[in-house]
Amino acid sequence: IGSVNTANSIQSTTDNTTSTYVQCIEGIYSTNTGTTTISQNIICNLYNVSSPATLYNVLSGITTTDGTNTISKNKIFNLSTPNKGTADFIDACITGIINTSTAGSIIIDSNIVYSLSNTAATANVKVYGIANSCNSSAGNIVKRNQVYSLSTTSTGTTADITGIGFNSGVCDYVNNIIRLGVDASGSDQNLNFVISGIKHGSGAT
């Protein structure tokens, strides 16, 4: 999904300059109420030009919102947006993998997420590799994923980049590899934003 070789190969070319409308680009978006497996996809070079700080102006590689889901062995890279949205966790304006389903179990296993960037200048934006909000049943697990080279150019002092964030439900997080603080070119990120390897919300255990 998207060209491996062509930058911004799937993109929105017109900015929705008002906050009235929502503008989303998502590589895979599943609302299936049954059992879904999303596996071995390459999702890359997506660009959402949307800039207003409106909730749900989203850019994501994979999103699941219902049912029982397994997301495994996908590669997601080169996603970017200048969006100024400051929402956190599953509502962040750019995220590699999002799960919001509480209807069934979630397994996020052996995915590679890298080179996600928000280019807003000053807004307190959030960039996530993986964001999970699940149920409180047994069997939820996020394991063996690699997340690295997330970045923002924002000078906002509460902007942040997060490898894995979870804000509700019960889930095991096991053997994930996260490297942050270096952008896709290998340059150090020396701005004032917050860097979190794993971020735990108040509603999660």
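**Strands E5 and E8**

In which sense do strand E5 and E8 pair, and over how many bridges? Strand E5 (residues 59-64) pairs with E8 in the parallel sense, over five bridges. Here, two strands pair if DSSP finds at least two bridges between them. Strands (E, at least two residues) and helices (H or I, at least four) are DSSP runs, numbered from the N terminus. Within this pairing, Ser-60 has Thr-95 of E8 as its bridge partner.

**What you're looking at**

This is a predicted model, where local features need pLDDT of at least 70 and side-chain atom pairs count only at pLDDT 80 or more, while totals for chains, interfaces and linings use all residues. Residues are numbered from 1 along each chain as its sequence is written, and side-chain values use heavy atoms, with hydrogens and water left out.

**More on E8**

E8 also has a link to strand E11 (residues 126-133): the two run parallel and are joined by five bridges. Take Ile-98, for instance, whose bridge partner in E11 is Ala-131.

So how buried is E8, which covers residues 94-99? Six of its six residues are buried, so the strand is largely enclosed by the rest of the structure. "Buried" means under 20% relative accessible area, "exposed" means over 50%, and "partly exposed" is in between (1.4 Å probe, protein chains only).

**Two loop residues with positive phi**

Most residues other than glycine have a negative phi. Now look at Gln-40: it isn't a glycine, yet its phi is positive, at about 60°. You'll find Gln-40 in the loop between strand E3 (35-39) and strand E4 (42-48). With 62% relative accessibility, Gln-40 counts as exposed.

Arg-144 is another one to check out. It has a positive phi of about 60° although it is not a glycine, and it sits in the loop between strand E12 (141-143) and strand E13 (146-152). Is Arg-144 buried, exposed or partly exposed? At 45% relative accessibility, Arg-144 counts as partly exposed.
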